[in-house]
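Morning, everyone. Please look at the screen while I talk.

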Amino acid sequence: MSKFGFIGTGNMAGAIIKAIKKQKCVLFIPNFWEGVLKMKIAVIGTGIIGLSHLKAIALSKDFTLCAVCDINEDAAKASAHQYGVPYFLDYRDIPDKTEAEAVILNLPHWLHCEVTVYFLNHGIH
């Protein structure tokens with residue numbers, strides 16, 4: 001993620017050239033690259049809050065859903081079917097089986113640290 005540069009709508013051509021020279025990727029340039037470079041997100045937990053995150057990602061121009069994960073297979077399968085993505089029952093399968101660049105955790109608070117550290121160690125933020 002550290003290679004992504006965030007550039008506004010100012011002098012776009014100059015900003016793009018500067019970013020390329022610095023070997024950074026251009027991630028968001030409103031109204032210019034709109035919808036071209038979408039960050040791939042996996043959602044962990046498909047409860048009430050997780051479902052709202054799934055809907056928000058589906059409506060976003062800047063993000064795309066790449067996977068869902070839940071220990072409840074029926075819930076995971078239903079969300080995966082609705083959004084056309086694979087589902088997992090174990091979050092540890094996500095780094096090797098998806099192209100996730102970020103995850104959204106919808107888990108009980110006591111699980112946040114363990115799961116966050118796992119994804120950070122796999123380069124997913």
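Some ground rules. This is a predicted model, where local features need pLDDT of at least 70 and side-chain atom pairs count only at pLDDT 80 or more, while totals for chains, interfaces and linings use all residues. Residues are numbered from 1 along each chain as its sequence is written, and side-chain values use heavy atoms, with hydrogens and water left out. Helices (H or I, at least four residues) and strands (E, at least two) are DSSP runs, numbered from the N terminus.

Now the sheet. Four strands make an open sheet, in the order β5-β4-β3-β6, with parallel pairing. Two strands pair if DSSP finds at least two bridges between them. β5 (87-88) and β6 (102-105) are the edge strands, each pairing on one side only. β3 (residues 39-44) and β4 (residues 63-69) share six bridges, in the parallel sense. There, Ile41 stands opposite Leu65 in β4.

Back to α5, residues 112-121. Its buried residues (under 20% relative accessible area, 1.4 Å probe, protein chains only) are Val115, Tyr118 and Phe119. Why do they line one face of the helix? Seen down the axis of α5, they fall within an arc of 90°, so they line one face. The arc is taken from the directions from the helix axis to the C-beta atoms. On the other side, Cys113 and Asn121 are exposed, meaning over 50%. What covers the buried residues of α5? The cover includes β3, α4 (94-97) and β6, with contact meaning heavy atoms within 4.5 Å.
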